[in-house]
Amino acid sequence: MKVKITLNGRLLNKHIPNDMMLLDFVRKYGALSVKRGCDTSNCGLCTVWVDGTPVLSCSYPAARADGRSVTTLEGVQEEAAEFSRYLVAQGAEQCGFCSPGFIMTVLAMRRELQNPTEEEIARYLAGNLCRCSGYTGQLRAIRAWLRDNQPGEEAAV
Amino acid sequence: MRLVNQAIPKLDGLALTAGQGAYTDDLATQNGCLVVKVLRSPHPFARILSIKKDTASKVNGVECILTWEDVPQIRYTLAGQSYPEPSPYDRYILEQVVRYVGDPVAIVAGRDEVCVDKALRMLKVKYQLLDPVLDFERALDNPSVIHPESDYHNNVPIGGDPARNLLASGCDAEGDLEGELARCDLVVDRTYYTKANAQAMMETFRTYTYLDHNGRLNVVTSTQVPFHCRRIIAHALGISPAMVRVVKPRIGGGFGAKQTLVSELFPALVTLRTGKPAKIVYTRQESFQASNSRHQMRVRVRMGATRDGIVRAVEVDALSNAGAYGEHASTTVGLTGHKSIPLYAKANAFRFAYQVVYTNTMAGGAFRGYGATQGCFAVESAANELAEKLGIDPAQLRLLNIPREGEVMPAYYHEPLSSSRLPDCIRRGMELIGWAEKYPRIRVSDHLVRGVGMALTMQGSGISGVDTATATIKLNDDGFYTLMIGATDMGTGCDTILAQMAAEVLHCPLEWVTVDGVDTDHSPFDTGSYASSTTYVTGTAVVNACTDLVGQIAREGARLLGIPVERAEFDGEGVLDTAHPEARISLAQIAQDLVVGTGTRWLTATASHCSPTSPPPLMAGFAEVEVDLETGACRVVDYVGVVDCGTVINKNLARVQAEGGIAQGIGMALLEDVNYDAHGQMVNSSFMQYKIPTRADLPEIRVEFVESYEPTGPFGAKSIGEVVINTPAPAIAQAIHNACGVWVRSLPITGEKILQGLLEQQGDAL
Amino acid sequence: MGAFGQEDGRIVLRPKSTPATRREWEELRLYTVKSYVFAQSLEEAWELLNRDVRNNVILGGCCWLKLGRKRIRTAIDLSRLELDQICLRNGFVEIGAYVPLHRLETDPLLTQRFSGILGRSVEQIVGVPFRNLATVGGSVFSRFGFSDLSTALLALDTRVVLYKAGEMPLEAFLSAPIRRGDILVKLRIRDDGRTAAYQSLRRAATDFPVVAAAVSRRGERWTVSVGARPGFARRSPSAEKALAQGLGPAAAGAAASQELPFGSNLRAGADYRRAVASVLVRRAAQACMEGGDQA
């Protein structure tokens with residue numbers, strides 16, 4: 001079928017297979033940051049935003065994205081880099097394979113919760129698996145990033 | 001030190017977190033490859049009678065279908081080990097006999113996934129079903145023989161007898177075990193079970209292959225062992241190693257899984273047959289069910305001690321399940337005893353015996369800890385049970401029995417303990433966890449109780465006398481350096497820590513040293529990243545190569561300054577005359593002069609290293625758990641790991657290694673539960689059914705380092721990668737026991753097992 | 001979603017089969033769609049669906065669509081029909097079939113009602129990106145035995161609204177066989193100010209529950225449901241009666257565990273489930289007595 005999908009701000013007019021999933025669509029059109037980690041919607045590696053909402057692109061029919069705006073890590077490089085510096089400062093990115101989906105979920109969490117508690121952080125991100133880090137370094141990075149970027153601080157400046 | 005012992009960010013950190021397409025499939029996506037998939041056996045043990053492939057071959061877009069009749073009849077092992085590999089040669093790429101659910105039956109390659117899937121559906125296979133052996137405790141001398149083939153081959157004797165389903169066996173003993181046990185005041189005799197855990201790295205197995213303009217087979221693959229890969233691929237395909245090039249790009253985790261070849265041969269064969277580029281990307285299900293895992297084990301421990309807590313005799317008897325093929329089977333089991341018994345240094349006798357058997361389950365392989373993890377669970381648990389029976393604090397029992405620095409360890413191949421601050425690790429861990437206040441238990445509410453437990457462990461640093469690493473350092477024309485290594489960074493950060501060591505020796509900023517992935521055409525030989533070898537073995541090679549280069553730079557500087565070499569000193573930025581410090585020549589000037597005109601001499605230094613010893617890193621782990629007495633539910637509320645890995649080269653990366661390893665250990669202890677159904681089908685081959693820990697399952701893991709100085713290591717370093725996974729299982733098992741009185745001796749420890757135990761205490765049952 | 005067991009509760013990725021009939025190994029990815037249609041109305045969707053109920057399907061959140069091993073002729077997408085609304089109407093809270101699970105945790109209409117039980121029941125399911133996909137309709141319609149949400153909804157005496165087939169209690173809907181020609185439109189819950197509490201036990205934090213229990217109370221009227229037995233959620237009339245008679249939470253727990261059937265699967269054995277169900281029902285009832293989950 002024919003779809004119009006805006007991928008990272010670029011309008012794509014494409015003919016796609018009806019059973020294509022959004023993950024395969026975004027990778028096909030250059031968003032290589034998006035990874036597949038499982039077959040069962042359990043790992044969070046493929047997280048992208050559809051109209052600003054974080055979803056698993058492995059399970060989102062590309063057809064359903066017709067007329068919508070899809071954002072991958074490639075589309076939020078600046079915002080992501082700001083957080084990534086904290087992650088890398090901890091060495092918590094490790095193999096990096098889960099980082100893009102994890103970062104997309106972290107940024108979405110910040111937009112949704114502003115100043116999340118530790119429990120909210122764990123719950124919001126629980127679907128983003130990482131086998132390298134044990135998550136503790138990721139938590140240190142999130143804490144430091146939230147501390148240094150309190151909401152309202154920009155307004156005060 | 002300026003760079004070593006600091007918290008340096010990983011060199012590739014910002015690129016990876018920006019989502020750069022640096023992994024195998026990202027590179028293949030850009031190169032228009034044939035899609036390769038494998039038809040796999042639905043039966044645990046069967047002979048293929050026929051494969052009808054004519055209709056499948058006619059599917060539009062299908063390029064090639066290969067079955068057992070189309071592959072080289074060459075036995076090999078997929079184990080990434082130095083030649084001659086101790087793992088038996090017991091595989092073909094495709095064989096007429098399939099030995100587990102998931103064993104490959106046919107390889108299909110085509111233009112895209114759709115046509116390949118269609119062809120896979122159309123292949124009609126007829127099987128003659130054979131009686132499978134699914135229970136590893138019934139494998140030995142079972143009427144079903146899994147490897148009766150006449151061309152089964154061992155490079156070295158490992159005590160196997162395939163006709164008995166016995167892959168390997170052996171015994172290492174010293175002293176009069178039975179006599180010592182008889183003289184002990186107390187002996188515990190316990191049997192423990194561990195499961196075939198999945199490494200479960202986030203990037204599944206994947207490989208892409210192509211022929212270059214010279215017709216050489218290029219293999220880009222997610223591997224920990226590129227040089228072993230080259231040798232094994234050439235051997236299995238029956239081609240010259242000179243015709244194979246292996247490239248390792250960025251890797252999405254390995255944990256040992258990628259120390260065995262898994263996906264490489266399928267696209268390689270397709271590329272050889274079709275001349276076209278080809279790629280295979282394993283599904284998560286394939287990764288779980290058709291690769292390799294930790295070896296499932298049963299470990300019996302007999303440990304005897306005097307009334308005052310001196311352990312006088314230790315016996316470890318291990319039965320290991322190799323699964324259908326023998327990768328790493330004879331070697332992993334060795335660590336079960338050799339890395340656990342030596343911690344009881346006052347023993348007058350020990351005995352370590354093992355048997356490894358074939359079954360019709362997925363083959364085991366390498367997984368972080370490599371047998372030491374299973375041994376640690378058994379021996380440390382037995383020590384904890386012993387301490388309890390003696391009425392001695394288990395931490396005190398350890399302090400009474402551990403080897404002291406300088407002592408020779410008979411059960412560790414008589415190697416000396418050349419560096420150890422293990423007593424400090426134990427004491428610091430006790431402080432951090434609050435042992436004095438919390439041992440053994442604290443009641444939280446009417447139904448919640450918290451308990452604490454602990455365990456010790458040791459690993460090695462490389463395989464002594466085997467692992468070989470080479471490093472080459474080049475001075476480039478503008479005065480920066482290229483460090484070339486064959487060790488494989490799989491996300492661990494070894495590129496970074498090796499660059500730190502190089503820059504330390506070369507007195508230069510880290511940015512002056514570039515280091516990249518591995519390419520067997522360009523990188524110097526390295527056995528690969530496994531056996532906790534990279535920091536210690538490759539690190540030493542890097543230090544030696546850089547030290548050599550510093551000497552060369554000083555010599556060339558002296559020549560250009562016209563002074564005797566003894567007076568020349570290289571300070572990182574240039575060479576100066578120690579007699580007249582104002583006379584100096586910059587490194588950039590030296591580098592330029594060396595590549596222009598007469599007297600040119602491009603400076604490189606190469607050093608190889610193989611260590612005669614494998615000094616053990618040491619660790620004390622402490623767990624605090626909370627048990628719900630009404631449901632048996634258990635969660636880890638605190639975990640403390642205190643590690644002696646010698647000098648910590650990179651404080652961040654070592655800490656994350658430890659935190660990640662402990663998390664995996666907690667998963668092994670409580671969650672990760674591989675099971676097979678009665679038909680030999682693995683029932684946990686997805687993240688839906690095989691639960692690795694999420695962040696909501698784990699406490700904030702606390703890690704500290706107590707640094708000894710290892711005289712044989714680079715800057716005093718030992719290894720860190722594996723030792724960190726071992727302590728959680730025994731420490732948690734003991735914490736649970738301390739909380740509620742139940743010992744669970746088979747992993748994983750579930751709420752169901754705990755509640756069962758609680759009810760049994762009351763003379764009841766579920 | 002035919003790959004998942006229902007009443008028998010076996011959660012498997014493929015149907016049970018004997019070795020003789022077992023097909024090839026790698027079949028997970030046999031999800032194909034011949035045509036993909038955004039329905040313009042429920043009538044159009046119903047008509048399309050019932051043209052070929054074996055091969056046409058209504059899409060939900062699609063989380064496990066590709067596990068279904070299904071060749072779909074027409075995939076019918078209702079995402080343009082505004083079924084993702086949560087509203088108050090005629091004394092009922094109405095929850096559209098396309099409301100994603102995560103909205104149950106964030107929508108003030110729900111977080112401020114029923115002690116927040118609906119949000120609480122789903123908050124441990126995988127992660128937010130998953131719960132932004134998974135829909136209320138998909139979870140309820142599929143009669144998943146492990147459904148946390150169905151367990152909580154059942155304790156709220158939820159009613160199910162089907163296109164054409166009309167309205168019925170969730171309890172009746174869950175026990176009836178799946179009728180492929182039905183379209184779930186929305187759920188209705190009487191806005192009666194009841195308190196509620198949810199309890200589940202999981203082997204791992206984001207996993208399916210080993211067993212789940214929900215209890216609600218309005219005055220002396222109690223509703224008790226137990227899910228993941230591992231079959232789909234069921235009410236326990238004897239536990240409800242015990243509570244109404246003032247016998248207390250422990251008696252209710254014992255009654256529920258004796259009354260309901262429990263089974264075994266990968267996650268736990270029947271006896272363990274029964275033992276835990278008793279504890280969870282007791283704790284949920286206790287929480288209700290003390291004012292519900294948010295008290």
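Author: Two residues are in contact if their C-beta atoms, placed from the backbone, lie within 7 Å. This is a predicted model, in which local features need pLDDT of at least 70, side-chain atom pairs count only at pLDDT 80 or more, and totals for chains, interfaces and linings use all residues. Residues are numbered from 1 along each chain as its sequence is written, while chains are lettered from A and ligands numbered from 1 in the order in which they are written.

Reader: What does Val215(C) touch, not counting residues up to four places away in sequence?

Author: By that 7 Å criterion, the partners of Val215(C) include Ala155(C), Trp222(C), Val281(C) and Cys288(C).

Reader: What makes a set of residues a nonpolar core, and how many residues has the largest one?

Author: A core joins buried Ala, Val, Leu, Ile, Met, Phe, Trp, Tyr and Cys residues through C-beta atoms within 7 Å, where buried requires 20 or more other C-beta atoms within 10 Å of the residue's own. The largest such set has 405 residues, and Val215(C) and Val281(C) are among those with the most contacts inside it. Helix H15 (residues 534-561) of chain B, a DSSP run of H or I with at least four residues, gives the largest share of this core, 12 residues.

Reader: Why do strands S2 (10-15) and S4 (53-56) of chain A stand at the edges?

Author: Strands are DSSP runs of E with at least two residues, and two of them pair if DSSP finds at least two bridges between them. The open sheet of chain A has the order S2-S1-S5-S3-S4; S2(A) and S4(A) each have a single partner strand, so one side of each is left without a neighbour in the sheet. For S4(A), strand S3 (residues 47-50) of chain A pairs with it in the antiparallel sense over four bridges.

Terms used. A residue is buried if 20 or more other C-beta atoms lie within 10 Å of its own, exposed if 12 or fewer, and partly exposed in between; C-beta atoms are placed from the backbone.
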